[in-house]
Every structure is written in structure tokens, then in C-alpha cells.
Amino acid sequence: MKDRRKRNVVSWIAIFWCTLLVLPFLLFITFRLFSGDTFQPELVHTRQTPVNSAVSDDSSVNLRYSVQETVTLPDQALVFINHPQTVRPFAVRDIACIYFAGNSSVPHKRRRRPIGLDNEESLQKQIVRCPLPPRGSRVSIRVRSKSHLRGGESHRWDSLAYEALMDRDNTTIVFVKGLNLRPERLTNASKFECVFGWDFRKVKFLLRSEVMSLAQEVARCRTPISLHGNPNRIHDAIKVSIRIKGGGILKSVARPLPLSESSAPPPRKPHEMCICTMLRNQAQFLKEWIIYHAHLGVSRWFIYDNNSDDDIEDAIASISSVKHNISRYIWPWIKTQESGFAHCALRARDSCNWVGFIDVDEFFYLPSGLSLLDVLTNQAKNTTVGEIRVSCHSFGPSGLKRMPPQGVTVGYTCRKAVPERHKSIVNPEVLNSTLINVVHHFHLRDGFQYVNLDRSEMVINHYKYQVWEVFKEKFYRRVATYVADWQDQQNVGSKDRAPGLGTKAVEPEDWSSRFCEVNDTGVRDLVLDTLTDSKTHLLPWQEEPSRGRRRVRKKRKHKGFL
């Protein structure tokens with residue numbers, strides 16, 4: 001009996017000391033996780049979301065791949081697929097787009113070939129671009145004719161948080177579609193809040209935080225303390241969105257990506273001048289554009305690919321080298337150029353002193369004979385200069401009816417007399433925290449200013465009105481958020497449009513002779529003088545003729561044809 005009492009006393013003493021030691025630790029962890037955040041439980045349905053999986057006898061597919069979510073754009077559907085790092089991503093030949101009517105688990109018999117397939121290797125993710133599903137149907141992927149991936153939430157594009165970045169100041173930048181805010185204006189952020197969680201439909205606990213600023217399609221939120229310190233672990237699990245107070249939460253596919261491990265700018269950046277661009281189906285022009293600007297002193301390119309289907313990956317791979325440091329970032333979000341440029345400015349900030357925002361048909365030119373780096377150095381002497389604005393000269397077809405074989409810089413030599421608009425080179429460290437921009441320029445922090453460069457010092461040759469074969473592609477879709485597509489009846493008189501063309505891609509009879517007021521051969525002469533190979537007489541972006549073609553040329557020369 002005494003032994004039993006003794007054992008009971010020992011047990012109670014052990015329980016007492018265990019409670020005394022463990023309880024403060026648990027309280028500390030709880031406080032650390034939620035301190036600084038407004039933590040509110042949410043009542044949700046108890047039915048669990050079905051696991052995304054492959055339905056088939058192919059167990060390897062079952063275990064390795066899943067559909068994360070689907071986003072329906074106006075012209076195609078994006079299917080996001082997760083795959084483990086150790087597993088080879090799908091190739092286009094492996095997959096087909098399939099469709100289900102309503103809640104049916106049996107797909108339609110008709111399968112469709114994907115429009116495109118993009119790999120985000122660093123995120124272990126693929127984006128399959130499928131033709132739009134029939135009305136009332138949903139889309140998924142069939143794998144190697146044996147199985148289909150199902151599950152994953154479907155979202156409409158017109159109301160969605162689509163990208164997010166964790167900034168170095170413990171804020172999270174969220175890119176959102178559907179708030180319909182006016183351009184270049186701050187919105188009252190107190191009407192909104194940021195929401196962090198795993199699944200906004202099902203999760204019982206959401207972290208909420210203050211929206212610090214909101215403008216256009218960009219919200220800057222305070223990052224909850226519990227998400228500080230290990231952003232790499234958070235990505236691909238936590239999503240972030242915007243809640244309209246008194247309303248609902250926007251659907252989201254935005255998983256915050258870390259920008260930098262340091263909270264301060266690097267003491268020295270590897271690149272003096274970088275370029276950001278957003279493009280679609282411009283692979284054939286990339287080589288000339290990159291090599292030309294490398295010659296001027298640009299050393300880093302950020303290419304935001306807006307659903308290209310012209311083998312742009314291969315084009316970039318053929319150009320990339322030690323000299324040509326090029327990154328391709330998959331940006332499938334339509335009519336979001338301003339957001340894409342804000343996203344790019346943040347990504348380039350730690351590695352670039354200056355970033356130019358231009359299109360692939362735009363080329364810097366320095367009539368003064370100074371180098372591009374000389375111009376930047378001169379402007380940087382005034383420490384209040386944060387943006388350099390450069391005027392654009394718009395060039396016409398210059399009498400051509402076919403694409404110039406030596407490239408745009410040599411082929412197009414006739415332009416309009418008066419410059420149209422400007423483009424900017426910015427110091428990404430001094431951008432306003434709202435990241436407001438209208439493609440051509442950014443808003444800067446207080447205390448910083450822009451300068452307009454004299455056209456005798458530097459201009460941009462904008463090969464805007466090229467031969468009709470190239471120019472007509474502009475009717476497909478404009479990338480800027482606040483610019484109407486040319487097929488729409490809105491703003492028909494806008495400067496963004498070609499004068500006199502209307503809304504249909506019909507070639508005028510006199511197209512090749514339009515927009516020709518001043519003969520300007522400055523860039524052409526520079527290119528031919530400095531970049532022509534002395535042996536082959538070819539420019540770096542021209543392919544050397546095959547042996548057969550060279551033999552024909554020699555025979556023709558002998559007969560007096562050349």
C-alpha cells in the first residue's frame with residue numbers, strides 16, 4: 001500500500017514538473033505564431049476538398065503529379081500542374097486537354113492538343129495552355145493516353161489574385177485582377193485587407209493583415225510575423241489574397257515568392273544596365289534586339305513571356321551566353337503589362353543599378369557618340385535623379401513589303417518627324433512603394449525626380465509600323481491594362497492605334513509608303529559599321545547561307561547577276 005502511494009506521489013510530481021516546463025513553451029510558440037497578426041477563426045464547411053490525383057492504373061502518375069488549379073482566360077485555359085523535383089516534367093507529346101460536362105466524371109470523347117506548355121523548373125510546376133472548354137464544361141489533362149488528372153480549383157480570370165512577392169521590408173506585394181481601380185491613382189486601402197491561408201474555402205484559420213497601399217492592380221500588405229524568416233518553406237503552401245471588407249475574398253493562385261534574403265540593398269550590384277520587356281510571339285526578333293543592346297552596354301535581360309507559342313525557349317537558348325544573361329519569366333496573365341513591369345522592377349532591383357523598360361521593337365540610339373554607360377554615369381552624378389525619360393521616334397515600313405533580311409535596324413530607315421511618347425530607364429531602388437506605373441514611366445519616392453534626355457544625346461528608334469505581315473499581329477491583343485484592344489470600338493482615336501486603320505486588320509494599299517516623313521539612317525549606319533563580320537559580311541543575327549546556296553550565289557556572280 002505504501003509503495004502504491006509512493007508511486008502515485010512520484011507520478012503526480014512528474015506530471016507537475018512536466019506541466020510547469022512544457023506549458024510556457026507551448027504558450028511561447030502560440031504567441032510567436034500569431035503575435036502581430038489579427039487572428040480570426042472562420043466557420044467553414046467540414047467536407048474536405050478531394051485530393052488532386054491521376055485516375056488510372058498508372059500508379060507512377062498517381063504518385064507524382066497533380067493539378068493544382070485552373071484559370072480560364074478569355075481565349076484559353078491555364079492548367080497548373082505540380083510535379084516533384086526528381087521527376088521529369090511532361091512533354092507536349094505526353095498530354096492532351098480533355099473536358100468534362102458539369103460534374104460528370106466521364107470526359108468528352110473529343111480531346112484537344114494543348115496550345116502550349118511552359119515549364120517553371122525552379123517551382124516544380126508546369127502550365128498547360130488548353131483551348132477553352134465548351135460552355136458549362138471544365139478542363140483537365142490526360143497523361144500518356146492512360147490517365148487523367150482531376151481535382152484542383154477552377155477560377156475565372158476577371159476576379160483573381162494572380163501573383164505575389166515577399167519584399168525585403170517585411171511586406172507582401174499582391175497582384176490582383178477584378179478591383180477595377182483607376183490608373184495612376186491611390187485607392188483607399190482601409191476598405192480592404194490581406195488574407196493568408198492554405199485554402200480560403202475550407203481552412204479554419206486565416207491570417208489577416210493590413211493593406212498598406214493599393215493602386216491599379218498592386219496591393220502592398222504587411223507580412224504576418226509568423227511568415228517571416230523562412231519564405232522558401234512557405235511558398236507553394238500559403239496563398240495570399242485580398243478581402244473586400246463587407247464583401248468576399250478574391251479567389252487566388254498567388255503564392256508569395258521571396259525576393260531577397262537581405263533587408264538592405266546589396267553594397268554592389270553586378271549589372272549597371274538591364275532591360276525588362278513583355279512579349280508574345282517575338283522570338284524571331286529577339287536575337288537582333290539583344291545583340292544590338294549588348295553592343296551598347298546592356299548586360300542583363302528579363303523577358304516576361306505572355307503566352308508565346310513560337311519556340312521562344314529555343315530562341316533564348318540559342319542567344320544565351322556569358323555575355324548575354326537572359327531570364328525568361330512565364331507571365332501568362334493577359335493585359336497586365338503595368339503589373340508585369342512592377343514585378344520585374346522588384347526582381348531586377350538587387351542586381352541592376354538601372355533598368356530600361358522597352359519593347360522588342362524599340363532600340364536605344366545615341367547620336368552624340370557617347371556610350372549608354374556614359375549617359376547613365378553622367379545622370380547618376382545628380383543623386384536625386386531616379387528616372388531617365390527617352391523620346392521615341394516611330395519608324396514606318398520604309399517602302400518595304402517583306403521583312404528586311406538584315407533585320408529591322410538596317411531595313412527601316414524612314415520615320416515620322418515628331419516623336420511619339422517616351423520610354424524610361426529607372427533606378428529600381430527609388431520607386432514609389434505603390435509601384436504605380438503607366439508602362440512609359442514610374443512614380444518615384446519623395447525626393448527623387450525624372451529628367452528628359454535631349455534627343456541629341458539619346459533617343460529610341462521605335463520600329464512600330466513594320467511591313468504588314470508583322471504589324472497586323474498588333475490587332476491580336478494589346479498587353480497594357482488600360483489600353484483597348486484594336487479590334488474594340490473603344491478609344492478609336494487613341495495614340496496607341498495606327499492612324500486611319502480602324503478596328504479591322506485590313507492592309508491599306510499604300511501601307512508600305514506610310515509614316516515616312518524623315519529619312520533617318522543613324523542606327524543602320526552604326527550597325528553596318530560596327531557589327532558586320534569582315535569575312536562573311538553578315539550581321540551577328542543573320543544565318544550564314546548553306547553550302548548549296550553559296551554555290552548558287554557564286555554561279556550567279558560569275559554570270560553577272562550580282
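Biologist: Where is Asn170 found?
Modeller: In this predicted model, Asn170 sits in the loop between β11 (160-166) and β12 (171-177).

Biologist: What is its phi, given that Asn170 is not a glycine?
Modeller: Asn170 has a positive phi of about 60°. Most residues other than glycine have a negative phi.

Biologist: Is Asn170 buried or partly exposed?
Modeller: Asn170 is partly exposed, because its relative accessible area is 42%, and the buried class stops at under 20%.

Biologist: What about Ser398, what is phi there?
Modeller: Phi of Ser398 is near 55°, again a positive value in a residue other than glycine. Ser398 is in the loop between β24 and α8 (408-411).

Biologist: Changing topic. Which residues of helix α7 are buried?
Modeller: Helix α7 covers residues 372-380, and its buried residues are Leu372, Val375, Leu376 and Gln379.

Biologist: How do they fall when seen down the axis of α7?
Modeller: The buried residues of α7 fall within an arc of 95°, so they line one face of the helix. In an α-helix there are 3.6 residues a turn, so residues three or four places apart point the same way.

Biologist: And what do the buried residues of α7 pack against?
Modeller: They pack against helix α4 and the strands β19 (271-279), β22 (352-357), β24 (385-394), β26 (422-426) and β27 (449-452).

Biologist: How many residues are in the largest nonpolar core?
Modeller: The largest nonpolar core has 51 residues. Among those with the most contacts inside it are Met273, Leu286, Trp289 and Phe364. Helix α4 (residues 283-296) gives the largest share of this core, eight residues.

Biologist: How many cavities of 30 Å³ or more does the structure hold?
Modeller: The structure holds two of them.

Biologist: Which residues line the second largest cavity?
Modeller: Its lining is Phe285, Glu288, Val360, Asp361, Phe363, Val408 and Gln466. That lining divides into four nonpolar, one polar and two charged residues.

Biologist: Last one. Is Arg129 buried or exposed?
Modeller: Arg129 is buried, with a relative accessible area of 1%. Arg129 lies in strand β7 (residues 125-130). Leaving aside neighbours within four places in sequence, its contacts include Gln76, Pro114, Asp118, Asn307 and Asp309.

Note on methods. Residues numbered from 1 in each chain as written. Predicted model: local features only at pLDDT ≥ 70, side-chain atom pairs only at ≥ 80, totals over all residues. Heavy atoms only, no water. Helix = DSSP H or I, 4+ residues; strand = E, 2+ residues; numbered from the N terminus. Buried < 20%, exposed > 50% of the residue type's maximum accessible area, 1.4 Å probe, protein only. Contact = heavy atoms within 4.5 Å. Core = buried A, V, L, I, M, F, W, Y, C linked by side-chain atoms within 4.5 Å. Arc of directions from axis to C-beta. 1 Å grid on protein atoms, 1.4 Å probe; cavity = no way out; pocket = protein on both sides within 12 Å on 5 of 7 lines; lining within 4 Å. Points joined across faces, edges and corners; volume = space filled by probe spheres on them. Nonpolar A, V, L, I, M, F, W, Y, C, P; charged D, E, K, R; others polar.
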